[in-house]
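Subject: Structure handover

Hello,

Here is the structure I promised to pass on. My notes on what was found in it follow below.

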Amino acid sequence: MPVILISSLDPFCRQAACESLGQRRPGSMTVLHDLLENGSVLRRIYRGRQEVERVETPLEHGCLSCTVRLDVVPTVHRLLQDGAAELVVSLPPSVPADLVVEQFRHSADPAPHIDSIITACSPAGLEDQLWDTHTLFESGYTPTPGDDRTPGEFLIGELAYCDTVHCSDLVLAPAAPDAHSRGTRLVREIAPHAAVVVPGKTGPLAGFDLREARARSRAGSVRIPAASSNAPFRTAVLRAARPLHPGRFRLALGELAAGNCWLRGRVWLASAPTARIALRGYGPRVILEDTGPWVADAPNPARAADPGSDAALDWHAEHGDRGTVLAVTGDSVDEAVAAGLLAGCELTAADLAAGVGHLPDPFGLSAAH
């Protein structure tokens, strides 16, 4: 009994995806969940266009994770046990699909078969959403005040994790005439692995592969299109074999991120040499995260937990998986300039002669190492 998950940033794109799926699969049952401002969760279940259940349930803690754990997952299990042939589960806006998949896996009941995970979005508004400096709560996408993710952070995460993108032609604000086609090209550049469903054209949904979704979504992972034809958008991959001077990298980071909608990868900083630092940049927000030691610094590299395919693909005879690999996606990427900026951050012979003990720690990452 297959389950299809739909994640979205807003209810309008979600509704468009639900209607499209309803036309494709008329025998399916659709479940919609919404977290309300009063901390309650509203559950609606449809068979075709007929509403067969509508329940509002108060939650002790009105948050997205509680909505998933206490209502979404139990409802899916109940409907499957009652004999539902196929379920389309439409998640509350801003709920990440991986949260639901992992909750299924940790539930006492057997995890259902996830046939496909769809991200519903409006390409015409995608760039504005990636560059939105407000949090999801401030922008009105979630009723949870403590949710400090940005719209870009949510969308990039969903586009990496999903297998299918449903593009809606909804335009909620004035947009340029080519905004939809431009945004669709950006979707294809960010999610080259995904099947893209556009209005007026029917195409198959892709199949969900948990292992691949985790690999794509792993912090520090770099995945790029095999051959990009999504002009004006393109992706440049930058590499540095030597550790980076943290002070120079801090100054260069702003220039690397400027004007580019997506920056990601892993960094080898001289001030925290054993730490695999993941870098994630969504529009105006850039995050650095210590993801633990490099595989080469593990007590037993052959048995290191979750090494990821990047470690094997980029293994160096001397440095192992240590090194900096960044990918920059935008519509005005100058690869030569970006590569020069990164090269200027590498430790020089003079830096090495002076030693690394005196280096600054502008990111606060060396304390634990």
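**Ser-94 and its surroundings**

Apart from neighbours within four places in sequence, Ser-94 is in contact (heavy atoms within 4.5 Å) with Ser-8, Leu-9, Leu-64, Leu-136, Tyr-141, Thr-142, Arg-149 and Phe-154. This is a predicted model, in which local features need pLDDT of at least 70 and side-chain atom pairs count only at pLDDT 80 or more, while totals for chains, interfaces and linings use all residues. Residues are numbered from 1 along each chain as its sequence is written, and side-chain values use heavy atoms, with hydrogens and water left out.

Ser-94 sits in the loop between strand 5 (87–90) and helix 3 (97–105); helices (H or I, at least four residues) and strands (E, at least two) are DSSP runs, numbered from the N terminus. The relative accessible area of Ser-94 is 0%, so Ser-94 is buried. Buried stands for under 20% relative accessible area, exposed for over 50%, and partly exposed for what lies in between (1.4 Å probe, protein chains only). The phi of Ser-94 is near 75°, a positive value in a residue other than glycine. Most residues other than glycine have a negative phi, and most peptide bonds are trans.

**A cis peptide bond**

The bond from Ala-231 to Pro-232 is cis, with omega near 10°. Pro-232 belongs to the loop between helix 7 and strand 9 (234–240).

**Rings**

Rings of Phe, Tyr and Trp (its six-membered ring) pair if their centres lie within 6.5 Å; planes under 30 degrees apart count as stacked, over 60 as edge-to-face and the rest as tilted. By this rule there are 2 aromatic pairs. Tyr-161 and Phe-208 form a tilted one, with 5.6 Å centre to centre and 50° between the planes. Tyr-161 lies in helix 5 (residues 151–161) and Phe-208 in the loop between strand 8 (195–197) and helix 7 (210–217), so the pair ties together parts that are 47 residues apart in sequence. Both Tyr-161 and Phe-208 are buried.

Arg-264 lies over the face of Trp-262, at 3.5 Å from the ring centre. The rule here is that NZ of Lys or CZ of Arg is within 6 Å of the ring centre and within 35 degrees of the ring normal.

**The largest pocket**

A pocket is an open set of points on a 1 Å grid over the protein atoms alone, where a 1.4 Å probe fits, with protein on both sides within 12 Å along at least five of seven lines; lining residues have an atom within 4 Å of a point. The largest pocket has a volume of about 950 Å³, a volume being the space filled by probe spheres set on the points, which are joined across faces, edges and corners.

Its lining has 37 residues, and Arg-214, Arg-216, Ser-217, Arg-218 and Ala-219 lie nearest the centre. Helix 7 supplies the largest share of the lining, 8 residues. Among the other elements that each supply at least two residues are strand 10 (260–267), strand 11 (275–282) and helix 9 (308–313). By type, the lining divides into 14 nonpolar, 8 polar and 15 charged residues. Ala, Val, Leu, Ile, Met, Phe, Trp, Tyr, Cys and Pro count as nonpolar, Asp, Glu, Lys and Arg as charged, and the others, Gly among them, as polar.

- Gly-48 lies in the loop between strand 3 (40–47) and strand 4 (50–58). Gly-48 is partly exposed, at 43% relative accessibility.
- Thr-144 lies in the loop between helix 4 (123–130) and helix 5 and counts as buried at 16% relative accessibility. Its contacts, leaving aside neighbours within four places in sequence, are Leu-35, Gly-62, Cys-63, Leu-64 and Phe-137.
- Asp-169 is in the loop between strand 7 (164–167) and helix 6 (179–190) and is partly exposed at 49%. Not counting residues up to four places away in sequence, Asp-169 touches His-180 and Pro-199.
- Ser-332, in the loop between strand 13 (324–330) and helix 10 (335–343), is exposed, with a relative accessible area of 54%. The C-alpha atoms of Ser-332 and Asn-260 are separated by 7.5 Å, at 72 residues apart along the chain.

Regards
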